[in-house]
Amino acid sequence: MTNPDRPAPPFGRALCAMVTPFTPTGALDRDGAGLLAERLVTEGCDGLVLGGTTGESPTLTDAEKAELVRAVREAVGPRATIVAAVGTFDTRHTVELARAAEKAGADGTLVVTPYYSRPPQDALEAHFREVADASGLPVMLYDIPGRTGTRIEPETMIRLADHPRIVAVKDCSYDFLGTQKVLARTELAYYTGCDEHILALYAVGAAGCVSTVANVVPREVADILAAFDAGETARAARIQRRATPLIEATTAAGLPGTVTTKALLNALGHPAGPVRPPLRPATPETTTQLLARHTEFTTT
């Protein structure tokens with residue numbers, strides 16, 4: 001159920017930041033990606049973000065990124081939107097990846113703040129505009145200063161909102177006030193990228209979420225949004241609170257979310273495979289703890 005008082009979101013509401021399945025030898029697992037995507041969509045995700053942080057973007061080749069989009073498109077067809085992560089620290093390379101994603105069948109692009117070089121805000125704005133001009137796909141900006149070292153400042157975000165193809169934001173800024181300023185002054189569709197903020201940001205007008213934990217509990221993540229839309233705010237809050245130990249174990253326990261999510265998926269029998277170096281797999285002890293949090297959440 002969707003809320004008629006909310007504008008239609010550009011990429012769906014319950015998006016999953018999908019892991020990239022690899023074979024035991026570390027190659028792209030095309031079939032596994034299709035199977036994982038099919039399960040996520042069947043169980044409630046109406047959008048998939050491919051090749052992002054959780055998808056191990058730094059270790060994917062350009063060819064693998066395009067092949068991943070094609071494999072998932074073949075698996076899910078038009079039942080879910082596909083947002084391809086194309087952001088790099090090089091504007092020219094990001095433009096090339098955006099055009100390749102369009103050719104591969106993506107519905108939109110996720111463009112992260114250029115990392116390491118830490119461009120000033122005017123250069124940052126020019127970067128995003130050039131990438132948005134490069135293809136016909138709508139753009140979701142990705143604000144995650146904890147990883148990139150550079151914030152997309154609210155005033156920059158407000159200026160970028162005038163671009164016809166810059167339509168959404170994946171928000172990992174941990175600046176709730178700044179986010180609300182942009183929501184109040186633009187039509188940008190905000191998606192929280194922080195699982196602990198799914199309900200909080202949705203309650204103040206966000207379009208939905210791009211969730212890491214949805215890889216393992218897609219139905220429950222979608223239920224948070226559906227319950228809120230149905231006016232069942234207390235039930236939405238209960239689901240969000242119950243998810244806290246799993247979210248903490250998956251995304252805030254000292255390991256990258258990719259590592260913990262793949263450990264859980266592998267333990268549950270879903271396609272995932274290994275992580276690529278320099279990441280290392282979770283220990284058996286960590287995996288046991290993750291399974292315990294998953295069981296507590298899904299059986300209570």
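I start with a cut-off: a residue is called exposed when its relative accessible area is over 50%, buried when that area is under 20%, and partly exposed in between. Please also keep in mind that this is a predicted model.

Arg118 is a case for that cut-off. Its relative accessible area is 57%, so Arg118 is exposed. You will find Arg118 in the loop that runs between strand 4 and helix 4. Its backbone deserves a look as well: phi of Arg118 is positive, about 50°, although the residue is not a glycine.

Another residue with a positive phi is Glu56, where the angle is near 60°, and again this is not a glycine. Glu56 lies in the loop between strand 2, residues 47-50, and helix 2. Is Glu56 buried or exposed? The relative accessibility of Glu56 is 3%, so it counts as buried.

Two prolines come next. Pro24 sits in the loop joining strand 1, residues 14-17, to helix 1, residues 30-42. With a relative accessible area of 83%, Pro24 is exposed. From Pro24 to Arg235 the C-alpha to C-alpha distance is 40 Å, and the two are 211 residues apart in sequence. The other proline is Pro278, in the loop between helix 12, residues 257-268, and helix 13. The peptide bond leading from Pro277 to Pro278 is cis, and its omega is near 15°.

Now the interior. In soluble globular proteins, nonpolar side chains tend to be buried together. Here the largest nonpolar core has 79 residues, and Leu48 and Val72 have the most contacts inside it. Which helix gives the most to this core? That is helix 9, residues 218-229, with six residues.

What does Leu48 touch, leaving aside its neighbours within four places in sequence? Its contacts include Leu15, Cys16, Ala37, Leu40 and Val41, and also Val72, Val76, Thr81, Ile82 and Val83. There is a second, separate core of 18 residues, which includes Val83, Val112, Ala168 and Cys172.

Helix 3 is our next stop. It covers residues 91-104, which is 14 residues, and it reaches 20 Å from its first C-alpha to its last, close to the 20 Å expected at 1.5 Å a residue. The buried residues in helix 3 are Thr94, Val95, Leu97, Ala98, Ala101 and Ala104. What covers them includes helix 2 (62-76), strand 3 (81-85), strand 4 (108-112) and helix 4 (121-134).

Back to helix 9, where Ala227 is located. At 0% relative accessibility, Ala227 counts as buried. Setting aside residues up to four places away in sequence, Ala227 touches Glu232, Thr233, Arg235 and Ala236. Ile239 is twelve residues from Ala227 in sequence, and their C-alpha atoms are 9.2 Å apart in space.

Next, a pair of helices. Two packed helices are described by the angle between their axes and the distance between the axes. For helix 10, residues 233-242, and helix 11, residues 244-251, the angle is about 40° and the axes are 4 Å apart. Angles under 35 degrees count as roughly parallel and those from 65 to 115 as roughly perpendicular. Helix 10 and helix 11 are therefore oblique to each other. On the helix 10 side, Gln240, Arg241 and Arg242 meet Thr244, Pro245 and Ile247 of helix 11. By class, this contact has two nonpolar, two polar and two charged residues.

Thr251 also belongs to helix 11. Is it buried, exposed or partly exposed? Its relative accessibility is 33%, so Thr251 counts as partly exposed. Apart from neighbours within four places in sequence, Thr251 is in contact with Asp195 and Thr212. Thr251 and Asp175 are 76 residues apart in sequence, with 18 Å between their C-alpha atoms.

Last, helix 13, residues 284-299, which holds His294. The relative accessible area of His294 is 11%, so this residue is buried. Not counting residues up to four places away in sequence, His294 touches Val216, Val217, Leu246, Leu264 and Leu268.

That is the tour. I am happy to take questions.

How values were computed:
Residues numbered from 1 in each chain as written. Predicted model: local features only at pLDDT ≥ 70, side-chain atom pairs only at ≥ 80, totals over all residues. Heavy atoms only, no water. Axes fitted to C-alpha atoms, helices over the stretch in contact; angles between N-to-C directions. Parallel < 35°, antiparallel > 145°, perpendicular 65-115°, else oblique. Contact = heavy atoms within 4.5 Å. Nonpolar A, V, L, I, M, F, W, Y, C, P; charged D, E, K, R; others polar. Core = buried A, V, L, I, M, F, W, Y, C linked by side-chain atoms within 4.5 Å. Buried < 20%, exposed > 50% of the residue type's maximum accessible area, 1.4 Å probe, protein only. Expected span 1.5 Å × (residues − 1).
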